[in-house]
Amino acid sequence: MSGTVPRDLDAFFTANQSRIRDELFEFLRIPSVSARSEHNGDTRRAAEWLARQVEDVGLKATIHPTPGHPIVVGEWRGAGSDAPTVLIYGHYDVQPAEPLELWQSPPFEPNVRDGKIFARGSVDDKGQLYLHVKALEAHFKVRSRLPVNVILLAEGEEEVGSENLAEFVEQNAELLRADSVVISDSSMFAPGLPSILSSLRGLAYFQIDVQGPSVDLHSGSYGGAVVNPAMALARILATMHDDRGHITISGFYDKVRDWGETARKEIRALPFNEKGFQHETGASALGGEAGYSALERLWMRPTCEVNGLLSGYTGEGAKTVLPSKAMAKVSYRLVPDQDPSEIERLMHAHVERVTPPGVTVTVTPLHGGRPWRADLGGPLFDSARRALAAAFGREPVITGEGGSIPVVGDFQRILGTPVLLMGFGLPGENAHAPNEWLSEENFTRGLRAVAMLWDELGKN
Ligand code: BES
Ligand code: MN
Ligand code: MN
């Protein structure tokens, strides 16, 4: 039997539904695109807007500058030293909205269609972060206090690799000391099915630059006698996998932890249809490492992907040219216990080994993040199960995730605090893509789940 959301909190959300939505829309209208320096002013404005909201709700808010985008911290410690302390994390930055012509409504003008809030950042992560702010407000407005002490940490650089956050966490470990970390920056496994994440993959991201001749050459006068950097790059990239989809970098799998048969059984028990998943992507077939199902490939196996490629003539028609350089963006998704800096070392050695003579190759690391796997025991997860079951009317499932949230591994490493990831996105939500959306219903239920979570945790 699942419990119910406390009546007073539920009534608050019902009474304030349209105001809360209007405020979220204000947040979504700020184009806080962290990757683009022309949006630096907007990104700062989003931090200031958020800090003011956090302050209005009843927390003490501070904006910490970094060499990149600012970090917003909110604090309320009125529950007393006997009560647990929770650290809420989220990010107020968003991905670039391009290609703009594919949006059905402008990315920074929130638009509701079919029960979905369309806007860049609606689900990733402004909507989910804002829901936490409003859950705190509910407690303060209805009861003038919270059952737990709260620290809210919001960054503006998650979508560009959280470059400055690990250092901030290290230097402010005392300020951030908490019993639990709670994050809503992920998705539910299926509509109506609340989900708790048990894992995230890490990331090691590189740019490979291949330099051949000092200028572009006539491909007839020089081709065949001068090494072509585009072909050299293609050869280098082709060495990354063998024909069973296994990554060939020596030592790459040394730290990969085996999840065991129990975890694989749990994955198989989830309601997942590989054919449906394939159709959703529009690809003609699925592919990947031999011996693993799609969910296993996504959650428990590492990958190597080309994210971008650039060389030679790519305009209209044909141009007979031997390009002087070629470039690729290449990233590895990592799984426990792979370490991004170790992967960097192995990657450098591998590229050096496979580079053909006649070109010069540079590998530049762009960003990285540690993988993470949860220990799903204890009061934090029991409380989350109860709160999600009450708000969604259904017991949550435990799922894995192929994406990354770089700071999660840092929280584990630096603070040693258990992390709960309960997200309210949905499959097909178009995160990072045109027409990103957040389900209104999930937003509404998510507010209640989070507000109830604080009650449940306060009982411990
Ligand atoms: N919220 C996502 C991570 C995520 C994706 C969680 C899908 C659950 C499901 C996050 O904002 C993100 O996009 N992370 C980047 C990290 C990178 C830019 C360092 C990612 O995974 O590519
Ligand atoms: Mn996110
Ligand atoms: Mn994202």
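**View 1. Strand S2 pairs with strand S6 in the antiparallel sense.** In this predicted model, S2 covers residues 71-76 and forms 5 bridges with S6. Within this pairing, valine 73 has leucine 153 of S6 as its bridge partner.

**View 2. Strand S3 pairs with strand S6 in the parallel sense.** The bridge partner of isoleucine 88 is leucine 152 in S6.

**View 3. Strand S6, residues 149-155, is mostly covered.** Of its 7 residues, 7 are buried. Asn149, Ile151, Leu153 and Glu155 point one way from S6, whereas Val150, Leu152 and Ala154 point the other way.

**View 4. Asp124, Glu159 and His432 coordinate the manganese ion (ligand 3).** The site has 6 donor atoms, the angles among them run from 56 to 156 degrees, and the geometry is irregular. For six octahedral donors, the ideal angles at a metal are 90 or 180 degrees. The manganese ion (ligand 2) lies 3.6 Å from the manganese ion (ligand 3), and aspartate 124 coordinates both.

**View 5. Glutamate 159 and histidine 432 link distant parts of the chain.** Glutamate 159 is in the loop between S6 and helix H5 (165-171), while histidine 432 is in the loop between strand S18 (419-421) and strand S19 (437-439). The two residues are 273 residues apart. Glutamate 159 counts as buried because its relative accessibility is 14%, under the cut-off of 20%. Histidine 432, at 41% relative accessibility, counts as partly exposed.

Definitions and conventions. Residues numbered from 1 in each chain as written. Chains lettered and ligands numbered in written order. Predicted model: local features only at pLDDT ≥ 70, side-chain atom pairs only at ≥ 80, totals over all residues. Heavy atoms only, no water. Buried < 20%, exposed > 50% of the residue type's maximum accessible area, 1.4 Å probe, protein only. Helix = DSSP H or I, 4+ residues; strand = E, 2+ residues; numbered from the N terminus. Pairing = 2+ DSSP bridges. Donors = N, O, S within 2.8 Å, 3.2 Å for Na, K, Ca; no water. Tetrahedral: all angles 85-135°; square planar, octahedral: opposite > 155°, others 65-115°.
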